[in-house]
Amino acid sequence: MNYFKIITHQVTPEGIEHYREDRYKANEARDCARCEADRAYLFQYSPVIRFLRDKVTALNGTLDENNVVCRRCPVRVAEDGRVMRDRGHMEDTLAHEMVHAWDHLRWKVDWFGGGDLRHAACTEIRASMLSGECRWSRETMTRGNWTLTQQFQNCVRMRAIQSVMARPTCRDDVHATKLVNEVWDSCFSDKRPFEEIYR
């Protein structure tokens with residue numbers, strides 16, 4: 001099978017998935033090497049990653065090149081797939097996870113929702129808002145969303161709902177939406193550890 005057959009629709013969806021899986025496996029070493037080089041660059045030069053690393057360290061946490069691991073995900077996750085598109089995508093993803101780390105150290109978040117999924121909803125709102133993954137340029141150029149009004153809020157809300165839905169104790173999308181809406185006002189206005197939304 002080749003890529004030409006895929007783009008000319010001569011392959012079934014299952015065939016396309018098998019082809020992609022084989023390509024991911026064949027390119028795993030190359031992708032991980034690129035990921036590790038980008039990770040090292042971001043921890044050394046990215047203002048947001050360095051800022052979040054310092055804030056996590058101030059809360060007696062450690063988040064650096066030694067405990068951020070580059071590996072191929074065996075399952076397709078979210079719309080981004082298994083591979084970081086570029087250094088900017090990795091920066092947004094790393095910033096998202098570092099906001100989660102800061103929230104965990106600061107407020108001891110209940111990640112699995114054993115008691116209350118509102119904690120998870122709040123940290124997902126904050127991580128999507130502060131990481132840069134919902135900024136207008138990312139939405140328009142990567143996701144094709146050209147909406148001008150409420151685009152940022154809609155993106156943050158959608159991504160928070162999707163993340164809450166992935167929790168084992170979340171019943172369905174209605175439950176996730178209700179949880180996100182309950183904490184929206186307080187969590188969307190909370191920019192800590194930043195002073196404002198930087199990107």
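Author: Let's start with arginine 126, which sits in helix α6. Keep in mind that this is a predicted model. Is arginine 126 buried or exposed? Its relative accessibility is 1%, and because buried means under 20%, arginine 126 counts as buried.

So what does arginine 126 touch? Skipping residues up to four places away in sequence, the list runs Val99, Trp102, Asp103, Trp107, Cys187, Asp190, Lys191, Arg192 and Pro193.

Arginine 192 and proline 193 are joined by a cis peptide bond, with omega at about 5 degrees. Proline 193 belongs to the segment after α9. As background, most peptide bonds are trans, and most residues other than glycine have a negative phi.

That second point has its own exceptions here. Histidine 9, in the loop between α1 and α2, has a positive phi, near 60 degrees. Asparagine 60, in the loop between α4 and α5, has a positive phi too, near 65 degrees. Histidine 9 counts as exposed at 71% relative accessibility, and asparagine 60 is exposed with a relative accessible area of 75%.

Back to another partner of arginine 126, this time aspartate 103. Aspartate 103 is found in helix α5 and is buried, with a relative accessible area of 2%. Leaving out residues up to four places away in sequence, aspartate 103 touches Lys108, Val109, Thr123 and Arg126. Helix α5 also holds histidine 96, which is buried with a relative accessible area of 10%. On the same terms, histidine 96 touches Glu124, Ala127, Ser128, Ser131 and Glu133.

In soluble globular proteins, nonpolar side chains tend to be buried together. Here the largest nonpolar core has 41 residues, and those touching the most other members are Ile49, Ile125, Val156 and Val180. The elements that give two or more residues to this core are α3 (28-45), α4 (47-58), α5 (87-107), α6 (118-131), α8 (151-165) and α9 (173-188).

Ten residues line it, and the closest to its centre are Tyr3, Tyr19, Arg20, Arg23 and Tyr24. Two or more lining residues come from each of α1 (3-7), α2 (13-26) and α3, with α2 giving the largest share, four residues. By type, the lining divides into five nonpolar, one polar and four charged residues.

The protein averages a pLDDT of 85, and 91% of the residues score at least 70. Over residues 77-82, though, the pLDDT is below 50, and beyond near neighbours in sequence this stretch has 14 contacts in the model. Where pLDDT is low, the predicted coordinates should not be read in detail.

Notes
Residues numbered from 1 in each chain as written. Predicted model: local features only at pLDDT ≥ 70, side-chain atom pairs only at ≥ 80, totals over all residues. Heavy atoms only, no water. Core = buried A, V, L, I, M, F, W, Y, C linked by side-chain atoms within 4.5 Å. Buried < 20%, exposed > 50% of the residue type's maximum accessible area, 1.4 Å probe, protein only. pLDDT = per-residue confidence, 0-100. Contact = heavy atoms within 4.5 Å. 1 Å grid on protein atoms, 1.4 Å probe; cavity = no way out; pocket = protein on both sides within 12 Å on 5 of 7 lines; lining within 4 Å. Nonpolar A, V, L, I, M, F, W, Y, C, P; charged D, E, K, R; others polar.
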